[in-house]
Amino acid sequence: MRAEALVDLSAIKHNVELLKKEAGTNLLAVVKADAYGHGLVPVAKTALAAGATYLGVALLEEAIELREAGIDAPILAWLVQPGSDFKRAIDLDIELAVASLVALAEITAASSDKKAKVHLEIDTGMSRGGFLDEWESLTPKLLQGVDVVGIFSHFARADEPEAAQNAEQLDRFSAAVGRIQSFGYTKILRHLSNSAATLKNGAASFDMVRTGIAMYGLSPDVQTLGDSKALALRPAMQLRAALYLVKSVPADTPVGYGATELTSSDTKLAVVAMGYADGIPRIAHHAGVWSSGKRAPIIGRVSMDQFVVDLGAQSKAQSGDWVVVFGNGSHGEFTADDWGIASQSINYEIVTRIGPRVPRIYSAHVY
Ligand SMILES: *Cc1c(COP(=O)(O)O)cnc(C)c1O
């Protein structure tokens, strides 16, 4: 094996328990995008075993995969466009977000044998998913053919707890809840908070929170909220790779495509057997790997299947050794946060883009 993502399910269990305690309410585990790259089914089972009561995904296909794995917990899919196979969703008891009258009509039409369970999605200021202009046209009559079980919205700036937009979105959400309650829907699940709001905005927790990134042990925003450690979260993924080759080179040796960098002194280089096809960002600068108890920075451009690091002349590393690309940082290794910053991106993008060529290995089974 040349590379692997080790996923510590006991860390996910810890994080779910911590977030549930913070929220003081129900927790929906967000497992979209292959559980942020950590593996859909093992993470879903772990989250449920740790106390999550709902699973949330973007796509209908993701929800179907969970059902096919035998998971019978409530599942909400929130990015299900008109034209989708709503009958299949209803048959499998997959709950659907509704954000438009067109989708509502199609879901109603598909509800002839069994009513679809729907969550009304409200655009409270992010201008992404959710009812906005059509909200006033939504009447009790239009909802008769479906089973309304929830109402929800999503924060744009929960990672900036001081931003006025958070209070505005909360107000708009409360108004939408008031309107739907006036239709007689008084017992439905109200949910608004993502990870950042769960950690920093208790007033928004309502009946359920939807946590993604923090469940994986990563901070929603290192700058504004602090890192995993500051939030008492345990990063669940360690990405490891083999050194394909170690070699000594003199100073001023050009490295990689475009010869964009030269060695600054006589040194040892190592070829790491992962590249941008595996999710290592080509743009990453100032990241690297943890090798023989030391950080070794990337030198030159990242290639499709490999990149080169500068081990330093004194390194004892050898061809075939394993290195840590990122981990929880406890030994001094780079973290997903470091890779995010080095790539002008965020930890979310680093973990979700680890490619399918990288096997996920589970170091602890807790379900
Ligand atoms: C992805 C997503 C979440 C989770 O966000 P995190 O910041 O990862 O906690 C919650 N709700 C919706 C609608 C989402 O799309």
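1. Setting aside neighbours within four places in sequence, Asn-194 is in contact (heavy atoms within 4.5 Å) with His-154, Phe-155, Ala-158 and Arg-210. Asn-194 lies in the loop between β8 (189–191) and α8 (195–200), where helices (H or I, at least four residues) and strands (E, at least two) are DSSP runs numbered from the N terminus. With a relative accessible area of 16%, Asn-194 is buried; buried means under 20% relative accessible area, exposed over 50%, and partly exposed in between, with a 1.4 Å probe and protein chains only. A polar atom of the Asn-194 side chain lies 3.1 Å from the backbone nitrogen of Ala-197.

2. On the basis of the note: this is a predicted model, in which local features need pLDDT of at least 70 and side-chain atom pairs count only at pLDDT 80 or more, while totals for chains, interfaces and linings use all residues. Residues are numbered from 1 along each chain as its sequence is written, and side-chain values use heavy atoms, with hydrogens and water left out.

3. The structure holds twelve salt bridges, a salt bridge being a side-chain nitrogen of Lys or Arg within 4 Å of a carboxyl oxygen of Asp or Glu. One of them joins Glu-17 to Lys-13, with the closest N and O atoms 3.3 Å apart. Both residues lie in helix α1 (residues 9–23), four residues apart, which is about one turn of the helix. Glu-17 is partly exposed at a relative accessible area of 39%, and Lys-13 likewise counts as partly exposed, at 29%.

4. Arg-88 and Glu-68 meet through their side chains in a salt bridge of 3.2 Å, N to O. Arg-88 belongs to helix α5 (residues 86–91) and Glu-68 to helix α4 (residues 60–68), so the pair ties together parts that are 20 residues apart in sequence. Arg-88 is partly exposed, with a relative accessible area of 35%, whereas Glu-68 is exposed, with 59%.

5. Arg-295 forms a salt bridge with Asp-338, the closest N and O atoms lying 3.3 Å apart. Because Arg-295 is in strand β15 (residues 294–297) and Asp-338 in helix α10 (residues 336–342), this pair ties together parts that are 43 residues apart in sequence. Arg-295 counts as partly exposed at 38% relative accessibility, and Asp-338 is partly exposed at 26%. Elsewhere, Arg-2, Asp-278, Asp-305 and Arg-357 are linked in a network of salt bridges.

6. Ala-287 is found in the loop between β13 (267–272) and β14 (288–291) and is buried, with a relative accessible area of 0%. Leaving aside neighbours within four places in sequence, Ala-287 is in contact with Pro-297, Ile-298, Phe-334, Trp-339 and Ala-342. Ala-287 and Ala-336, 49 residues apart in sequence, are 9.9 Å apart in space, C-alpha to C-alpha.

7. Not counting residues up to four places away in sequence, Phe-307 touches several residues, including Ala-270, Met-274, Ile-280, Val-289, Ile-298 and Trp-339.

Key. A polar contact is a pair of N or O atoms within 3.5 Å; within protein, one must be able to donate a hydrogen and the other to accept it, and residues adjacent in sequence count only if both atoms are side-chain atoms.
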